[in-house]
Amino acid sequence: MLTYDLAPASVCRVHLDPQPAWIIERRRAIGKLVQLHREHANLSQEQLGLSAEVTRLTVQRIESGATDARVSWLLRIAKTLDIPVDRFFRD
């Protein structure tokens with residue numbers, strides 16, 4: 001008889017150490033830029049999420065700096081806001 005007592009181990013190693021302060025600061029700066037451009041476009045987080053095909057929660061977490069935004073999310077958001085994606089990365 002076969003049993004499946006153990007869940008398969010992940011093949012991806014996730015970096016569990018805290019992020020350095022400069023990364024957290026930059027992540028927050030990117031989020032602030034997303035928020036400023038969203039507000040300039042007169043969109044709610046919900047509206048931006050629907051147009052960019054990401055969830056409202058994803059938009060909220062990016063804007064607050066609570067998550068590392070995926071490149072695909074930023075590409076979708078930039079396209080929706082009609083701005084170049086590199087605007088999020090300029091110093």
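Biologist: Hi! What does the secondary structure of the chain come to?

Modeller: Hello! This is a predicted model, and in it the chain has four helices and zero strands. Read from the N terminus, the elements go α-α-α-α.

Biologist: And how much of the chain is made up of buried residues?

Modeller: Of the 91 residues in the chain, 26% are buried. The chain exposes about 7,000 Å², and 56% of that comes from carbon and sulfur atoms.

Biologist: What share of the contacts is between residues 24 or more positions apart?

Modeller: Such pairs account for 57% of the contacts with a separation of 6 or more.

Biologist: Let's pick a helix. Which residues of α2 are buried?

Modeller: In α2 those are Gln45, Leu48, Gly49 and Ala52. They sit on the same side of α2, because they cover an arc of only 100° around the axis.

Biologist: Nice. What do they pack against?

Modeller: The buried residues of α2 pack against α1, α3 and α4.

Biologist: What happens just after α2?

Modeller: Glu53 comes there, and it takes a positive phi of about 60°. Glu53 is also exposed, at 61% relative accessible area.

Biologist: Which residue does the side chain of Glu53 meet in a salt bridge?

Modeller: Its partner is Arg76, at 2.8 Å from N to O. Arg76 is partly exposed, with a relative accessible area of 35%.

Biologist: Remind me why such side chains pair up at all?

Modeller: In general, side chains of opposite charge can pair when their charged atoms come close.

Biologist: How many salt bridges does the structure hold?

Modeller: It holds five. One of them joins the side chains of Arg27 and Asp68, at 3.0 Å from N to O. This pair links distant parts of the chain, 41 residues apart. Arg27 belongs to helix α1 (residues 21-40), while Asp68 is in the loop between α3 (56-64) and α4 (71-81).

Biologist: Is Arg27 buried or exposed?

Modeller: Arg27 counts as buried because its relative accessible area is 17%, under the 20% cut-off. Asp68, at 42%, is partly exposed.

Biologist: Which residues does Thr67 touch?

Modeller: Leaving out residues up to four places away in sequence, Thr67 touches Arg27, Arg61, Ile62 and Trp73. Arg27 is the residue that forms the salt bridge with Asp68.

Biologist: Back to charges for a moment. What does Arg38 form a salt bridge with?

Modeller: With Glu39, where the closest N and O atoms are 4.0 Å apart. Arg38 is buried at 8% relative accessibility, whereas Glu39 is partly exposed at 42%.

Notes
Residues are numbered from 1 along each chain as its sequence is written. This is a predicted model: local features need pLDDT of at least 70, side-chain atom pairs count only at pLDDT 80 or more; totals for chains, interfaces and linings use all residues. Side-chain values use heavy atoms; hydrogens and water are left out. Helices (H or I, at least four residues) and strands (E, at least two) are DSSP runs, numbered from the N terminus. Buried means under 20% relative accessible area, exposed over 50%, partly exposed in between (1.4 Å probe, protein chains only). Contact means heavy atoms within 4.5 Å. Accessible areas come from the Shrake-Rupley method with a 1.4 Å probe; for residues, only the protein chains shown count as cover. The arc is that of the directions from the helix axis to the C-beta atoms.
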